[in-house]
Amino acid sequence: MEQTNSKRIVLGLTGGIAAYKAAELARLLIKQGMEVQVAMTEAARHFITPATLQALTGKAVLTSQWDEAQNGMAHINLSRAADAIVIAPATADFIAKLAHGQANDLLSTMCLARNCPLIIAPAMNRQMWEHPATQRNIAQLKADGVTILGPDSGLQACGEEGMGRMLEAEQLAHDIAASLQPKFLAGTKILLTAGPTYEAIDAVRGITNRSSGKMGYAIAQAALELGAQVTLVSGPTALSCPQGAQVVNVSSAADMFEAVKQHVAASDIFIGVAAVADYRVAQSSAQKIKKSDANLTLELVPNPDILAYVAALPRPPFCVGFAAESENLKEYAEQKRRAKKLPLLAANLAQQAIGADDNELVLFDDAGEHKLPSSNKLTQARALLQHIIKLRGKQS
Ligand code: PMT
């Protein structure tokens with residue numbers, strides 16, 4: 001199955017100050033595994049040099065329709081080889097050209113001659129954006145099936161404040177990847193837990209762990225890309241909410257359990273990624289415990305197992321467990337999968353996975369063991385979801 005990360009993108013730059021953000025966008029798209037070919041208008045060259053984009057992409061930047069190497073057919077050659085054309089920044093002038101089907105330079109000709117999706121990231125002064133002419137052009141492009149990403153509101157290069165800023169490169173890279181994924185999970189409701197839990201000892205102290213939430217949030221993002229409706233029950237993390245997910249913030253394992261119980265009936269898939277504390281303090285103190293020279297003993301009592309509860313429901317969703325082990329990965333993971341009667345469990349080495357940007361999941365199902373090559377957590381998440389789609393397909 002083709003993944004976003006093998007996509008070929010033509011990144012078109014038009015003449016606006018936001019062109020500087022296109023350099024970072026090119027870098028982030030390449031980081032996701034995409035192949036990026038840059039084409040620039042003459043005006044864009046006043047804001048950023050082709051040399052910068054060439055250095056980042058490793059490909060000669062195309063600026064002219066009349067490039068001899070392309071035999072005068074650059075507009076056809078480029079658009080036929082692309083999975084999508086992304087115009088970032090897209091100026092008011094270029095948007096007007098697109099809306100009217102004009103083709104008087106390489107980029108506009110390529111957009112008109114294309115047979116692949118067109119994605120644009122508008123960038124302009126707020127009054128240009130609000131002008132009825134621009135709004136008419138944007139409405140026309142939407143009606144023509146063009147994907148419009150942004151713009152954002154905020155302080156502008158001209159010193160004014162309002163709508164018209166191009167989205168930040170990170171947001172654009174995410175939205176471009178999402179819009180290129182086939183929507184295999186459209187209509188599917190996914191409930192997942194992520195991050196650590198925090199079990200209070202007193203008013204200021206508690207028991208927690210080093211889970212950052214990155215793995216769970218990456219799965220939420222990958223599921224959104226595939227068109228799923230995502231409810232993310234998250235322990236305390238420093239991460240921002242994946243756009244489009246319903247996030248339920250919780251603290252303790254008991255809170256997490258309550259949130260899962262509330263949402264599980266409506267879900268088709270449950271994924272337990274959270275590092276849930278196995279124990280909580282029997283009697284936590286509402287006040288800060290005063291220091292003394294005597295030993296302090298805390299009595300810990302077991303927390304409910306959320307995943308086991310969900311898997312044992314009379315009509316459970318498709319349940320996916322995680323296991324973080326420091327040793328004997330295969331043996332312990334299989335034990336956990338069997339004990340909770342899970343169709344799928346993703347195991348990782350705790351010391352490698354926790355808090356890290358990369359991971360190396362090993363998936364265990366009835367057919368055996370499937371190792372995913374080491375990669376960033378979003379790539380792992382996408383591969384895990386493809387595996388879930390395959391297994392659910394076999395079940396139905
Ligand atoms: O958050 P990151 O920094 O990105 O790190 C990701 C991760 C390492 C935390 C993640 O990939 C992972 O392995 N999560 C599971 C962590 C774990 O401690 O698993 P466990 O072996 O304790 O639990 C097994 C399964 O039961 C898990 O799906 C867990 O969510 C679930 N569980 C456990 C205890 C409990 N009381 N309730 C549960 O639902």
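Reader: Which residues does cysteine 111 touch, not counting residues up to four places away in sequence?

Author: Contact here means heavy atoms within 4.5 Å. By that criterion, and leaving out residues up to four places away in sequence, cysteine 111 touches Ile85, Ile87, Phe94, Leu98 and Leu118. The model is predicted, so local features need pLDDT of at least 70 and side-chain atom pairs count only at pLDDT 80 or more, whereas totals for chains, interfaces and linings use all residues. Residues are numbered from 1 along each chain as its sequence is written, and side-chain values use heavy atoms, with hydrogens and water left out.

Reader: Is cysteine 111 buried or exposed, and in which helix does it lie?

Author: Buried means under 20% relative accessible area, exposed means over 50%, and partly exposed is in between, with a 1.4 Å probe and protein chains only. Cysteine 111 counts as buried because its relative accessibility is 2%. It lies in helix α5, where helices (H or I, at least four residues) and strands (E, at least two) are DSSP runs, numbered from the N terminus. Helix α5, residues 106-113, is mostly covered, with seven of its eight residues buried; among them are Leu106, Leu107, Met110 and Ala113.

Reader: Where are proline 89 and threonine 91 found, and what does each of them touch?

Author: Proline 89 is found in strand β3 and is buried, with a relative accessible area of 0%. Not counting residues up to four places away in sequence, proline 89 touches a set of residues including Gly12, Leu13, Thr14, Gly16, Ala123 and Met166. Threonine 91 lies in the loop between β3 (84-90) and α4 (92-99), and it is buried as well, at a relative accessible area of 12%. With neighbours within four places in sequence left aside, threonine 91 is in contact with Thr14, Gly15, Gly16, Ala123 and Met124.

Reader: Which residues of helix α12 are buried, and how are they placed around the axis?

Author: An α-helix has 3.6 residues a turn, so residues three or four places apart point the same way. In helix α12, residues 329-339, the buried residues are Leu329, Ala333, Glu334 and Arg337. They cover an arc of only 110° around the axis, which puts them on the same side of α12; the arc is that of the directions from the helix axis to the C-beta atoms. What covers these buried residues includes β16 (318-325), β17 (344-349) and β19 (362-365), while the face turned away from the buried side carries the exposed residues Arg338 and Ala339. The helix is followed by lysine 341, whose phi is positive, near 50°.

Reader: How many salt bridges does a search of the whole structure find, and which parts of the chain does the pair of lysine 21 and glutamate 168 link?

Author: A salt bridge is a side-chain nitrogen of Lys or Arg within 4 Å of a carboxyl oxygen of Asp or Glu. The search of the whole structure finds 17 salt bridges. In one of these, the side chains of lysine 21 and glutamate 168 meet at 3.3 Å, N to O. This pair links distant parts of the chain, with lysine 21 in helix α1 (residues 19-31) and glutamate 168 in the loop between β7 (161-165) and α8 (169-180), 147 residues apart. Lysine 21 is buried, with a relative accessible area of 7%, whereas glutamate 168 is partly exposed at 38%. Lys21, Arg165 and Glu168 are linked in a network of salt bridges.

Reader: What does the pair of aspartate 305 and lysine 340 tie together?

Author: Aspartate 305 forms a salt bridge with lysine 340, the closest N and O atoms being 2.8 Å apart. Aspartate 305 lies in the loop between β15 and α11 (306-311) and lysine 340 in the loop between α12 and β17, so the pair ties together parts that are 35 residues apart in sequence. Aspartate 305 is partly exposed, with a relative accessible area of 38%, and lysine 340 is partly exposed at 22%.
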